[in-house]
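Here is a friendly briefing to read alongside the model.

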Amino acid sequence: MNEALLEQVINGLMMGSIYVLVALGMVLIYGVMHVVNFAHGVLFTMGGYLGHFFYHRLVDSYVLAILLSMLTLGLIGVLLERGVFRPLAGNLRNQVIASLGLILFLENGVVALWGPNALQWKVATTERFVEIGELRFSQHHLGIILITLVLVAALGLYLKYTRFGTAIRATSQSQEAAIVVGIPVRRVQWTTFAIGAMLAGIGGALVGPLFLVFPQMGDVPLIKGLAGILLGGMGSVPGAVIGGLLLGVTESVSTLYLPTDYRDSIAFMVMVLILLVRPQGLFGQRMRGED
Amino acid sequence: MAVRRFLGWLLALSVTAALLSAPVWAAEHPYVLHMMVLICIYAIPAVGLNLMLGYSGLVSLGHMGFAGLGAYTAAVLMVDARWSFWSALAAGTVSAGLAGVLIGLICFRFRGHFFMIVTLAFGLLLHAIMNNWDAVTRGAAGFAGIPRPKPIAWGDTVIAFGQLPNFYYLALALTALVFALQYLVVRSNLGRILGAIRQDERLARSRGVNVLMYKTVVFSLGTALAGLGGVLHVSFLRVAAPASFTMLESINTVLIVIIGGAGFLVGPVLGAVVFVALPEGLRLANEWRLVIFGALLVLITLFAPSGLAGLLGRLWARLGAGSKEPGP
Amino acid sequence: MSALQLKGVRKAYGGIVALDGAEFTIAGPGIYGLIGPNGAGKTTLFDAIAGTVTPDAGQVLMGGRDVTGWASHRMAAAGISRTFQECRVLLEETCLDNVLFAAQPKGLGATLSQVFTRSNRHRLQLHDEALRLLSLVRLEAYAHAPASVLSFGQRRLLEIVSTFISSPDVFLLDEPASGVNPSLLEVLMDFIQTMYAERPRVFLVVEHNMEFIMSLAQDIIVMHQGRVLERGTPAQVQASPQVLEAYLG
């Protein structure tokens with residue numbers, strides 16, 4: 001029984017790492033632009049498709065494919081911020097509606113270009129295994145956890161110790177103050193959006209070989225990412241990390257006690273419960289009254 | 001001025017005549033009638049969302065979850081409990097409306113983003129129930145065997161709803177009723193209150209409006225209409241599937257409302273027509289249909305936020321050049 | 001039984017104490033000024049009376065009734081009308097509709113049945129009165145124009161005029177003169193005095209424009225650091241060393 005639990009915890013950490021990659025991007029964007037990017041799921045999907053494309057058409061290395069996919073997503077992120085979100089700044093309703101349009105555009109665009117069926121993606125790491133006690137995990141599983149840890153640490157150091165990272169933190173605390181102090185807020189915004197898109201893209205490229213690449217692959221991570229940042233606290237970067245991991249582990253462990261059909265419903269219930277009981281999440285500041 | 005009024009009446013009359021005589025002029029092309037039924041089926045929940053989003057400023061992202069709730073309630077009542085279509089229709093509508101009251105009261109503790117996210121979460125929850133509660137909903141495989149309304153005998157004639165033209169008239173009648181309801185609500189004191197809530201909630205409160213109560217009223221009215229559309233939908237197709245009530249379907253409804261023109265009476269109908277008929281008219285391959293709509297939604301939000309109805313309204317105003325129209 | 005009474009009202013936001021035992025009694029109709037340096041708690045006081053916030057402690061009584069913590073829509077129904085520091089009007093509605101909105105019956109039953117009966121009794125009855133009120137502030141030409149075309153000062157006047165039609169017993173005017181250009185100030189003062197003369201009610205006016213409020217009000221309440229510092233006629237208050245210290249110190 002202990003072993004089954006450990007297995008699910010590690011599974012949960014892996015899924016949680018994916019959620020963290022999505023949640024982190026969303027929380028950064030929210031902090032700097034005060035917008036929840038509902039299109040984050042399709043950015044994740046594009047990461048998977050682009051990674052698959054680069055791996056099969058351009059380069060032979062999985063790592064390079066991920067990097068290329070990440071860079072392309074960064075570019076897409078900049079285009080989206082400057083072309084869609086910036087012009088609509090100040091109007092929350094329209095920004096959200098535009099992001100819904102992006103979901104339709106990108107998700108169906110992927111179907112139109114690659115077809116509705118799932119794509120297979122074989123990489124070596126899914127077929128090599130590591131033993132932990134009596135349990136066996138693929139290198140890929142553990143790699144996802146490690147890569148996410150590295151990325152989170154790197155992001156943390158970047159935000160804390162570099163000038164631009166500090167500018168990002170300042171802008172998310174107060175846009176007005178940041179402008180007054182001379183921070184290039186616009187540049188902060190499109191850079192942050194690009195970072196968020198890149199993180200989502202990496203997530204998609206990492207998950208592709210594991211669970212197939214298919215058009216709706218970003219829908220569930222979007223919801224999990226949302227649940228993660230609500231749990232951790234809207235606007236809190238450490239909260240997004242903890243929230244994402246916590247959600248992943250809770251879901252996986254729950255499969256030991258509940259029918260697996262209901263695993264995804266846990267995220268929805270977490271969302272509703274958190275909003276009812278403790279809207280600021282575990283680490284968030286008091287909710288702004290968005291009146 | 002008189003020319004415009006004349007044109008307006010002419011337009012209204014021609015459209016009405018065309019709608020009422022559709023089975024005649026579309027006799028050779030039954031798919032046209034089929035499409036028009038689909039337009040009605042999309043338009044009815046869209047009217048509900050228009051009342052919420054367009055007139056009251058409530059951005060609900062889980063609308064089709066309620067359509068599914070109404071649809072499955074009616075399905076179970078018709079198939080398992082042998083209720084008549086009409087009673088099941090009423091039950092589906094009412095149950096969706098009641099769910100709207102309960103869920104709305106929870107959602108209204110939040111504003112802005114958080115409100116949208118909770119509505120999204122509830123939409124997903126409702127879909128998950130449809131998808132997983134196999135014992136009642138038959139799960140992901142879908143609920144087959146949903147009947148059309150039983151034939152009605154009127155003197156010597158028998159109206160069988162298994163026939164497309166008759167079901168078309170039923171759909172048309174329900175849509176007209178829903179449309180009339182929208183008009184009555186919007187052009188009444190209730191409409192003024194909802195408009196005040198949309199424009200400035202704090203101000204509305206200080207002028208005596210119980211904002212929570214009225215939000216609940218419009219939310220449950222909107223979800224009831226979604227339920228009504230859902231029942232019509234599954235009776236038409238004779239099958240209910242969770243895939244018709246997903247998050248993406250809710251997004252499609254938002255699309256219909258926005259492209260048609262949020263906050264305009266004709267918006268939902270225009271949007272439904274564009275959504276169903278445009279791809280057919282342009283002979284678009286199926287995959288590209290939603291790609292184009294997604295792009296359209298983004299473009300409309302950027303450049304023409306008042307949608308088709310807004311654009312047509314401006315054109316109409318220009319036709320009557322010289323009159324001052326304070327547009328929304 | 002006094003028209004309006006506050007007893008020991010306290011309100012804190014996180015660490016900041018906005019009201020610290022605010023207390024006063026307004027016996028009956030009159031034009032009362034509420035002044036004080038920034039941060040004295042004047043707007044929070046209005047919020048507490050109008051029901052926008054609930055006091056942490058203390059009581060608000062209107063006509064002898066304890067209305068502490070009543071929601072703002074209830075307070076509006078109970079006879080309190082307020083304007084906002086930042087000036088709030090329904091920008092998409094016409095000036096006439098703005099004025100009529102306050103008098104529209106807001107009860108659920110009446111509203112729902114009106115959807116079907118289409119009766120417009122209150123609009124017909126009050127139409128002329130609404131136009132009269134608009135003309136008193138020189139806005140009758142804009143009766144059918146959306147409020148968005150008005151200048152800020154005109155919107156202020158519209159906001160104030162909109163509060164009159166429901167015949168409240170207590171008016172809370174929050175900085176009505178701020179942002180209004182001097183020529184319109186006269187119109188504003190005339191309007192308030194005319195309205196008071198027609199039907200004497202309680203007017204409680206927060207103001208920073210000393211000239212305006214000292215000419216308008218008969219009774220001035222001075223607030224400082226969340227409580228009432230002093231009270232008296234304009235002359236008394238202007239001569240008080242305490243009040244001077246509060247503003248300068």
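**A buried strand in chain C**

Strand E8 (residues 202-206) of chain C is largely enclosed by the rest of the structure, because five of its five residues are buried. Here buried means that 20 or more other C-beta atoms, placed from the backbone, lie within 10 Å of the residue's own. Strands (E, at least two residues) and helices (H or I, at least four) are DSSP runs, numbered from the N terminus. This is a predicted model, in which local features need pLDDT of at least 70 and side-chain atom pairs count only at pLDDT 80 or more, while totals for chains, interfaces and linings use all residues. Residues are numbered from 1 along each chain as its sequence is written, and chains are lettered from A and ligands numbered from 1 in the order in which they are written.

- Strand E3 (residues 30-35) of chain C runs parallel to E8(C), joined to it by five bridges; strands count as paired if DSSP finds at least two bridges between them.
- Tyr32(C) has Leu204(C) as its bridge partner in E8(C).
- Strand E7 (residues 170-174) of chain C also pairs with E8(C) in the parallel sense, over five bridges.
- Leu172(C) is the residue opposite Leu204(C) in E8(C).
- From E7(C), the chain passes through helix H7 (residues 182-198) of chain C to reach E8(C), a right-handed β-α-β crossover: with the strands pointing away from the viewer, the path from the first strand over the helix to the second runs clockwise.

**Where chains A and B meet**

- Of the two pairs of chains that touch, A and B have the most contacts, a contact being two residues whose C-beta atoms, placed from the backbone, lie within 7 Å.
- Chain B puts 34 residues into this contact and chain A 36 residues.
- Helix H6 (112-132), helix H10 (201-206), helix H12 (247-260) and helix H14 (286-303) of chain B each give two or more residues to the side that touches chain A.

- The contact between chains B and C takes 21 residues from chain B and 22 residues from chain C.
- On the chain C side, helix H2 (72-78) and helix H4 (108-117) each give two or more residues, and H4(C) gives the most, with six residues.
- Chains A and C share no contact, and their closest C-alpha atoms lie 10 Å apart.

Key. A residue is buried if 20 or more other C-beta atoms lie within 10 Å of its own, exposed if 12 or fewer, and partly exposed in between; C-beta atoms are placed from the backbone.
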